[in-house]
Amino acid sequence: MYESYWQKKGDETTVVIPGWQFMSYFSDATRLCWFLEPEFAEQIVRLHNVVGNAVTENRHIVVGTGSTQLFQAALYALSPCAEAEPISVVSAAPYYSSYPLITDCLKSRLYKWAGDARSFSKNGPYIELVTSPNNPDGFARRSVVNGSEGILIHDLAYYWPQYTPISSPANYDLMLFTVSKSTGHAGMRIGWALVKDEDVARKMTKYIEINTIGVSKDSQVRAAKVLKVISDNSEGPNEGDSFFEFSYRVMAKRWKQLREAVQQSGLFSVSDFPPQLCMFLNRVFEPQPAFAWIKCEGDIDNCESFLRGKKILTRGGKHFGVSPKYVRISMLDRDKNYETFVRRLSTIRS
């Protein structure tokens with residue numbers, strides 16, 4: 001979806017890296033996260049301050065190969081080493097479908113997936129993943145387990161103004177962000193964590209050191225350039241052509257098209273969201289998530305299978321810990337593919 005915007009920007013985001021540059025493992029040996037490029041760190045702080053979506057003061061920045069690696073690093077850093085059994089990891093359903101897979105991939109003795117946070121009642125320490133706005137359903141989330149020994153990880157990949165109103169800066173102990181969802185550059189494989197506790201940040205850094213001996217400098221330099229262009233355009237005289245204005249308009253149009261298609265078909269339903277004031281865009285609007293969480297109504301029990309038969313590929317609710325009557329569909333494809341999707345959806349009849 002973002003491709004056309006960056007094509008229009010032309011050489012503004014072009015980066016030339018000579019063959020002799022960035023050959024060392026180290027970016028700044030004096031930093032806690034010694035493989036974090038200083039320019040990338042500077043642009044992360046600047047963009048958060050421009051948008052107003054996260055507190056960066058008194059936070060350590062840890063860079064990772066996407067937020068997936070940072071999630072693994074956070075589990076490693078937050079898991080107690082002295083416990084007799086792995087710490088439970090939970091998230092309220094519907095949860096991000098990769099959480100169970102990533103958590104249990106290595107069958108670690110430090111942590112294990114324990115399912116839906118709403119039904120979790122085990123005594124003792126636990127880690128709760130709070131994704132807000134949530135993937136897949138787009139709703140704002142808070143922690144739901146009422147336990148005194150809980151440790152929270154806040155995945156804020158979608159807390160950007162094209163997807164949801166920015167009401168206040170997020171202020172949590174450990175917050176995850178990713179370039180793929182904020183700017184569309186999924187191929188860079190770059191994410192970052194804002195971490196309050198120094199010891200946790202050190203352990204996360206150690207995990208990434210052991211896992212991949214740092215993070216690509218080339219990707220960090222390219223990401224820094226992209227973030228700088230976004231901040232420059234958001235603060236400059238041509239704010240109407242800013243990345244977030246463009247993204248907001250496209251998402252608003254697509255959600256309008258989707259709701260019209262759902263209404264025309266009569267076989268599906270999508271969530272309604274309460275409108276809020278966005279402090280960054282200075283307008284009131286309903287959240288317009290990166291994914292549509294669609295329910296097949298009536299006697300359609302497997303929505304994923306049903307839509308596959310109509311040549312629409314989705315991800316079924318069972319992957320997210322809920323009924324197969326639900327599916328998740330990306331709202332971020334290229335214009336041609338999205339137009340095909342809503343046209344097909346609108347023509348489906350019982």
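Leaving aside its neighbours within four places in sequence, which residues is glutamate 304 in contact with? In this predicted model, the partners are Thr314, Arg315, Gly316, His319, Pro324 and Val327. Glutamate 304 sits in helix H9, which spans residues 303-308. Its relative accessibility is 14%. Glutamate 304 therefore counts as buried, since the cut-off for that class is under 20%.

The chain is assigned two domains. Domain 1 covers residues 23-235, and domain 2 covers residues 243-346. Their C-alpha centres are 25 Å apart. Contact between them involves 26 residues of domain 1 and 28 residues of domain 2. The size of an interface is often given as the accessible area lost when the parts come together. Here, the area buried between domain 1 and domain 2 is about 2400 Å². Carbon and sulfur atoms give 68% of that area. On the domain 1 side, Gln162, Tyr163 and Pro165 lose the most area to domain 2. Together these three residues account for 25% of what that side buries.

Polar pairing across this interface was also examined. Six residue pairs are in polar contact between domain 1 and domain 2, with both residues at pLDDT 80 or more. Helices H2 and H7 each supply at least two residues of the domain 1 side that touches domain 2. H2 gives the most to that side, with three residues. By class, the domain 1 side has 16 nonpolar, nine polar and one charged residues.

Salt bridges were searched for in the whole structure, and 18 were found. One of them pairs aspartate 232 with arginine 46, with the closest N and O atoms 2.7 Å apart. This pair links distant parts of the chain. Aspartate 232 belongs to helix H7 (residues 217-235), while arginine 46 belongs to helix H2 (residues 38-51). The two residues are 186 residues apart. Aspartate 232 has a relative accessibility of 28% and counts as partly exposed. Arginine 46 is also partly exposed, and its relative accessible area is 23%.

A second salt bridge joins the side chains of lysine 122 and glutamate 85, at 2.3 Å from N to O. Both residues lie in loops. Lysine 122 is in the loop between strand E3 (111-116) and strand E4 (126-131). Glutamate 85 is in the loop between helix H3 (66-78) and strand E2 (87-91). The pair therefore ties together parts that are 37 residues apart in sequence. Lysine 122 is partly exposed, at 39% relative accessibility. Glutamate 85 is partly exposed as well, at 42%.

A further salt bridge lies within one helix. Aspartate 199 pairs with lysine 203, and their closest N and O atoms are 3.5 Å apart. Both residues are in helix H6 (residues 198-212). They are separated by about one helical turn because they are four residues apart in that helix. Aspartate 199 has a relative accessible area of 44%, so it counts as partly exposed. Lysine 203 is partly exposed too, with a relative accessible area of 33%. Elsewhere, salt bridges that share partners join Arg46, Lys228, Asp232 and Glu235 into one network.

Definitions and conventions
Residues numbered from 1 in each chain as written. Predicted model: local features only at pLDDT ≥ 70, side-chain atom pairs only at ≥ 80, totals over all residues. Heavy atoms only, no water. Buried < 20%, exposed > 50% of the residue type's maximum accessible area, 1.4 Å probe, protein only. Contact = heavy atoms within 4.5 Å. Salt bridge = Lys/Arg side-chain N within 4 Å of Asp/Glu carboxyl O. Domains from an automatic or database assignment. Buried area = accessible area lost by both parts, 1.4 Å probe. Polar contact = N/O pair within 3.5 Å; in protein donor to acceptor, adjacent residues only side chain to side chain. Nonpolar A, V, L, I, M, F, W, Y, C, P; charged D, E, K, R; others polar.
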